Amino acid sequence: MMEQYHALKAQAGECLLFYRMGDFFELFFDDAKMAAGVLDIALTTRGESGGEAVPMCGVPVHSADGYLARLIRAGHRVAIAEQVETPDQAKARAKAEGKPSSKVLVAREIIRFVTAGTLTEDALLEPRRANRLAAVCEVRGTLGIAACDISTGRMELEECTPDALAAALSRLGAREIVTPEDWEAAPPEATLRPAGDFASERGRQRLQDLHGVSTLDAFGEFSRAMLAAAGGLLAYLEHAGRGAMPFLLPPRINASDACMAIDEASRTSLEITATQGGARTGSLLGTVDRCVTSAGARQLAEDLSAPLARRPQIEARLALVRLFHDDPILRGDTREALRAIPDIARALARLVADRGSPRDLGQVRDGLAQARVLHEALAALPDRPALLDDLLPRLTGHGALVHELARALVPSPPTERSSGGFIASGYDDALDSLRETSGNARKAIAALEARYRDETGVSALKIKHNGVLGYFIEVPSKHADRLMAPDSGFTHRQTMASAVRFNSVHLHEEATRIAEAGGHALAAEEAHFEALVALVVEAREAIARTADALARIDVAAGLAERAAEGDWCAPAIQDASCLEIVGGRHPVVEAALARAGERFVPNDCALCDTDRLWLIGGPNMGGKSTFLRANALIVLLAQAGSYVPASSARIGLVDRLFSRVGASDNLARGRSTFMVEMVETAAILAQATERSFVILDEVGRGTSTYDGLALAWAVAEAIHEQNRCRCLFATHYHELARLAETCDALSLHHVRAREWQGDLVLLHEVAEGPADRSYGLAVAKLAGVPPGVVDRASAVLAKLERGREETGGLAAGLGDLPLFSAAMQAQEEECDTLREKLAALDVDALSPREALDMLYELKREGGES
């Protein structure tokens, strides 16, 4: 057995090997030690290998899914080694090979690799979260990305530049990433696969073979990088399924300009789909989600992760939300109908991947039937939005399939098909006959038990059944002699501690009838199951379109419900570079305050070409960061197709959203808080365009006062002069207010606060004009800093302020500096002067003395500049 185990372990590689032994999956050696620690199960030993006891642990087959889920969440991958023949088949094989049948080992094979990105089982998946697998590779400087969710069949292809990879992977939120093993830039967490799998022509052929087409033209125009990534993805799926491919729909192209770009740092800062601690609760998604189906919740997460960047598509989504928002009765009826719809997409994927159950067939039946009911209700509406007209045809067309599934299946099919009982009576006369025979035989068993009691006079006689003996007669030991007599008609089978078991000719005949009828009935049900699955598989693409349409309707109705709850408004999407928000609120903070019985203070924001950079001062805890994030989330929600938490909103399309609000050490990469802040700021300065929206909070706070002020000053100037994007810039450096004298599109604002009888009152209101002070000591007092420390800080502050008045302060002389663009031009001009002199030199004609003099002259000019 250990020889067989080691051969399978060699195939499993770094995966933990689940080795099937009877009713358990066993793990051995280091796999057992690792799994026992993660699963908190007993670690035992058996036999010896190399003179040492073999560590082992095991989990029951019937409850393996729960243990697999824990191992996958802990970052492990698992190889499943199943028995691929019965003991009888193994003995027959041994006999044919001329080997002793007593020593034959049942054959086992790895039937599947279970990894984070290849899950389909309900027990292993999060219902309201997509489960993506992504493959990434590089082709001539361009990165190709192929992503799929095999639990729903969705597949997407895209390409990007190397510097945009992190943002793309963050948007996709892939649970597992696959890359070529020879790619030096592979993410550290990636699973490495042979480079030959990532060949564009091989990827093209794999896609054609998968979808049974001779050309991919009908699916779109795919670049070599996309096809190479697709090849690597499909090769990995084939490896994980041991040759069996999961359900995949034709691939869709993600255009780089179709969605708002949001980098990983900004996603983390804004807590779009998860908080910085990884929780869904407390994130934007957790606060907005009112979907009543799991598929709708997954679609909403995708919408928020990839807001649209094209006005027609955004307005189409908003029109559908408006339909449900303006008609509460329609919204309630629609959500009630959706609530009864199962997760069709994941049930379909399991059926196509040959991992389905009768319950999955029932879910497809019920979901498609309910979709038709919803279609009839929505199709009767007048003045329907264009998006709804596009969705309605996808909800119908399954009448024949639903009728067949309704006739064939019982109302509530079981999750297991091995025991039968899922085909409805009246669907198959032959099956009904077999069931009747089996039922009559069981009645005969009961009658036989009564007869034997009368004949033997043993009232405690019972006819029982187990998996080893089948049917048998059992009597207490004290009555066994009556059945032991040679002419009794009973045959002794087994003696127990307090009972004796027998058989009889009549019992054997009835048991045979039951077994034959039951076996034939199970075989008939299995054949019907396969036929019904084939019907579903044949219609898989149409069913998937229905599932997508239902999810989109659920998202729209859920967003309408959320808007009605919070008195949100419909945003007006503009092509102009504007951002006009009246009474804007932070949705997550507002919800938290509402739970505490408090009210959120709304604020206005008005950015345009002539006033595109707001410099915002004021005390800590005054609401600067909340104001920044609130406006960023309003933009994000609007372009995702949602109403927004404001009284009114006019939003110019944003191509990229950047948030540098708060930072923490990244010790894994050897970066301090300040280094992380500078990396994020550098990305903004390099990538933000005139159509971007940027929020910056306390740039430069992690270093010395002079360095920090200098950096904040230069960054603000660069945003104003070079990037020219819409920006909210919060700072404690009062000296930056002098930028308003030279930057015509910069205006000064502050969050209001007042001191009343020695206490600080934070008003959380944003007002025009510079902040008069920071109120840092008042905030320290609020935080509970000892009075002695606060008093000492007051004395130090008074001394510093007197010094500032005498010297002109930190910003003395900054007003004389040229603007960012002028300074850059001056540096370039100085550099050009030196370059021109060098270019004019005839080096070959210079004597050594002349060359040395020229070098001194150039050095002198460089030092003066």
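Does Glu-474 count as buried or exposed, and at what relative accessibility? At 13% relative accessibility, Glu-474 counts as buried, because the cut-off for buried is under 20% relative accessible area. The model described here is predicted.

Glu-474 forms a salt bridge with Lys-464, and the closest N and O atoms are 2.9 Å apart. Glu-474 is in strand β15 (residues 470-476) and Lys-464 is in strand β14 (residues 462-466), so the pair ties together parts that are 10 residues apart in sequence. Lys-464, with a relative accessibility of 33%, counts as partly exposed.

Salt bridges with shared partners also join Asp-122, Arg-350, Arg-359 and Asp-360 into one network.

## Other salt bridges

The whole structure contains 45 salt bridges. One of them links Arg-453 and Glu-449, with 3.4 Å between the closest N and O atoms. Both residues belong to helix α17 (residues 429-456); because they are 4 residues apart there, about one helical turn separates them. Arg-453 is partly exposed, at a relative accessible area of 29%, whereas Glu-449 is buried, at 18%.

Another salt bridge brings together the side chains of Glu-126 and Arg-129, at 3.5 Å from N to O. Glu-126 has a relative accessible area of 40% and is partly exposed. Arg-129 is also partly exposed, with 36% relative accessibility.

## The six-stranded sheet

An open sheet of 6 strands runs in the order β11-β10-β7-β8-β9-β12, and its pairing is mixed. At the edges are β11 (191-193) and β12 (252-253), each of which pairs on one side only. In general, strands of a sheet pair through backbone hydrogen bonds, in either a parallel or an antiparallel arrangement.

Strands β7 (residues 133-139) and β8 (residues 142-149) run antiparallel and are joined by 7 bridges. Cys-137 has Gly-144 in β8 as its bridge partner. Helix α7 (residues 224-240) lies across β7, β8, β9 (154-160), β10 (176-180), β11 and β12. The direction of α7 is at about 135 degrees to β7.

## Nonpolar cores

The largest nonpolar core has 105 residues, of which Phe-693 and Leu-728 touch the most other members. Helix α20 (residues 540-566) supplies the largest share of this core, with 12 residues. A second, separate core has 25 residues, including Val-139, Ala-146, Leu-216 and Leu-234.

Which residues does Leu-728 touch, not counting residues up to four places away in sequence? Among them are Cys-605, Leu-607, Trp-614 and Ile-616. Leu-728 also touches Phe-627, Leu-628 and Asn-631, as well as Phe-693, Val-694, Ile-695 and Leu-696.

## Trp-568

Trp-568 is located in the loop between α20 and β18 (572-574).

Along the chain, Trp-568 and Leu-461 are 107 residues apart.

Conventions. Residues are numbered from 1 along each chain as its sequence is written. This is a predicted model: local features need pLDDT of at least 70, side-chain atom pairs count only at pLDDT 80 or more; totals for chains, interfaces and linings use all residues. Side-chain values use heavy atoms; hydrogens and water are left out. Two strands pair if DSSP finds at least two bridges between them. Helices (H or I, at least four residues) and strands (E, at least two) are DSSP runs, numbered from the N terminus. Contact means heavy atoms within 4.5 Å. Axes are lines fitted to C-alpha atoms, for helices over the stretch in contact, and angles run from 0 to 180 degrees between N-to-C directions. A nonpolar core is a set of buried Ala, Val, Leu, Ile, Met, Phe, Trp, Tyr and Cys residues joined through side-chain atoms within 4.5 Å. Buried means under 20% relative accessible area, exposed over 50%, partly exposed in between (1.4 Å probe, protein chains only). A salt bridge is a side-chain nitrogen of Lys or Arg within 4 Å of a carboxyl oxygen of Asp or Glu.
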